[in-house]
Amino acid sequence: QNLLDTPQGKKSLDSLQGPALYVYNDAEFTKDDWKGIISPTVGSLKRDNPEKVGKFGIGFSSVYHVTDCPWILSGSTLSMMDPQHIYFSKEVRRWNMMDSKNREIWASKGDQS
């Protein structure tokens with residue numbers, strides 16, 4: 001079944017499917033990158049490093065103008081963010097896709113209808 005646990009109970013994964021904006025970057029997130037993305041109100045953790053993309057501090061936070069629930073796949077980590085708790089009871093749900101159980105669960109979800 002394509003169900004998600006939400007604060008309001010079970011909700012279909014279909015509610016998160018539809019038109020999508022797909023962005024590709026071949027760099028894998030570091031621990032600091034993940035920390036900065038899941039804590040958008042903290043400000044940029046890259047501000048002191050002029051070599052890093054996102055050093056001005058608004059970068060990823062701008063996606064919330066396009067979606068309430070961005071998904072990121074970086075390396076073997078799939079992360080879904082929901083800071084308003086619309087779809088999940090936690091702000092961030094994360095799965096290690098190297099784990100065969102997680103791959104099996106996501107493979108059963110199916111494509112958009």
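Start by selecting Asp82 and Ile86: the side chain of Asp82 reaches the backbone nitrogen of Ile86 at 2.8 Å. Keep in mind as you click around that this is a predicted model.

Stay on Asp82 and look at where it sits. You'll find it in the loop that runs between strand S4 (77-81) and strand S5 (92-96). Is Asp82 buried or exposed? Asp82 counts as buried because its relative accessibility is 0%, and the cut-off for buried is under 20%.

So who is around it? Skip the neighbours within four places in sequence, then select Asp68, Cys69, Tyr87, Phe88, Lys90 and Glu91: Asp82 is in contact with each of these.

S4 and S5 run antiparallel, and five bridges join them.

Now zoom out to the whole sheet. It is an open sheet of three strands, in the order S3-S4-S5, with antiparallel pairing. Strand S3 (71-74) and S5 are the edge strands, each pairing on one side only. Ignoring direction, neighbouring strands here are turned by 15° against each other on average.

Time for the helices. Select residues 31-38 to bring up helix H1, which packs on the sheet and touches S3, S4 and S5. Line up your view with S4 and you'll see that the direction of H1 makes about 15° with that of the strand.

Last stop: residues 100-107, helix H2. This helix lies across S3, S4 and S5, and runs at about 115° to S5.

Note on methods
Residues numbered from 1 in each chain as written. Predicted model: local features only at pLDDT ≥ 70, side-chain atom pairs only at ≥ 80, totals over all residues. Heavy atoms only, no water. Helix = DSSP H or I, 4+ residues; strand = E, 2+ residues; numbered from the N terminus. Buried < 20%, exposed > 50% of the residue type's maximum accessible area, 1.4 Å probe, protein only. Polar contact = N/O pair within 3.5 Å; in protein donor to acceptor, adjacent residues only side chain to side chain. Contact = heavy atoms within 4.5 Å. Pairing = 2+ DSSP bridges. Axes fitted to C-alpha atoms, helices over the stretch in contact; angles between N-to-C directions.
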